[in-house]
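Here is a short briefing on one structure. It covers a pocket, a helix and the nonpolar cores.

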Amino acid sequence: MIISEINGGLGNQMFQYACGRALALQNNEALRLDTTTLQNSVTDQYFTARPFELNIFNADAVIAGEDELAMFFPKRIPLKFWYKWIKNYRHYVEPFFMYDNEVAKLKGNIFLRGYWQTEKYFLTYESVIRKDFKFLLQKNDTTVSIENSMQLQNAVSIHVRRGDYVSSPTANSFHGVAGLDYYQAALHKMEQLVEKPMYYLFSDDCPWAKEHLVKDRNDIIIVDHNKDKDSWQDMYLMSKCKHHIIANSSFSWWGAWLNNSINKVVIAPKKWFADLEKNEQTQDLIPQSWIRI
């Protein structure tokens, strides 16, 4: 059995699921998801609590039962059984942010704890992951209308991620924010590569985007109708664009990745983390065909 710990927002949950799913497929094991962290989390000035969101997909998202978790977290183990337990029920914690080739060697009952943010963990099973991440829920009328318009244009998604990256001191010092210079450079690069782009901008801070990016431009449409439980529809619409300018956000990473066009142009920030040491470990995060600026 493979159990993957699920925490963070939708994008993080997708990486954690995809890594666990790939390992389960490789080893012909069942996959279970541990949502304990999500259930116990609360929002404060340092942390944003998140709900479980993978049920929007066609994913094999089976929540681990108490008895299954108990195998990995026994209350007491007699000393004479300790070695046998540790051998049969292993915890594997992500040792660093870049790709860890030891994951593919794991066998037996494994509890995965980490973020696993690179497609290298699941690219062998890409077709399965794409099928698993097919959106199941009904889209609202506005989303359907925007999608129809996108099909007639060279639609380019722009994601501006601010929110707790700005409001939370902890998130700000760790993640940082992709600033105006990045978006201006990304727009310039996109216009060199794509003919007559029409931009669809998604943000948790639309006033900032309107003031600093849209201004007098008539080729940027702000998409701001999807709130709270409908926010997943922004990822869906991103995935329907032909090209992408993403933020330092797993949400827009997946919006771009779910577009399976081989001709897509994806622009991503070189500065993914404000923490310089962490940022040096992001070489596996961005697929080789994407452009970092």
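This is a predicted model. The second largest pocket is lined by 14 residues. Those nearest its centre are Ser239, Lys240, Leu258, Asn259 and Asn260.

**Pocket**
- The volume of the second largest pocket is about 280 Å³.
- Its lining has five nonpolar, four polar and five charged residues.
- Helix α11 gives the most to this lining, with three residues.

**Helix α11**
- α11 spans residues 232-240, and eight of its nine residues are buried, so the helix is largely enclosed by the rest of the structure.
- The buried residues are Trp232, Gln233, Asp234, Met235, Tyr236, Leu237, Met238 and Ser239.

**Nonpolar cores**
- The largest nonpolar core holds 57 residues.
- Phe57, Phe122, Phe133, Trp253 and Trp254 have the most contacts inside it.
- Elements giving two or more residues to this core include α1 (10-27), β4 (109-113), α6 (141-150), α11 and α12 (250-257).
- α1 gives the most to this core, with nine residues.
- Beyond four places away in sequence, Trp254 touches Gly11, Met14, Phe15, Ala18, Phe122, Phe133 and Met235.
- A second, separate core has 23 residues, including Ala178, Leu201, Cys206 and Ile267.

Key. Residues are numbered from 1 along each chain as its sequence is written. This is a predicted model: local features need pLDDT of at least 70, side-chain atom pairs count only at pLDDT 80 or more; totals for chains, interfaces and linings use all residues. Side-chain values use heavy atoms; hydrogens and water are left out. Buried means under 20% relative accessible area, exposed over 50%, partly exposed in between (1.4 Å probe, protein chains only). Helices (H or I, at least four residues) and strands (E, at least two) are DSSP runs, numbered from the N terminus. On a 1 Å grid over the protein atoms alone, a cavity is a set of points where a 1.4 Å probe fits but cannot get out, and a pocket is an open set with protein on both sides within 12 Å along at least five of seven lines; lining residues have an atom within 4 Å of a point. Grid points are joined across faces, edges and corners, and a volume is the space filled by probe spheres set on the points. Ala, Val, Leu, Ile, Met, Phe, Trp, Tyr, Cys and Pro count as nonpolar, Asp, Glu, Lys and Arg as charged, and the others, Gly among them, as polar. A nonpolar core is a set of buried Ala, Val, Leu, Ile, Met, Phe, Trp, Tyr and Cys residues joined through side-chain atoms within 4.5 Å. Contact means heavy atoms within 4.5 Å.
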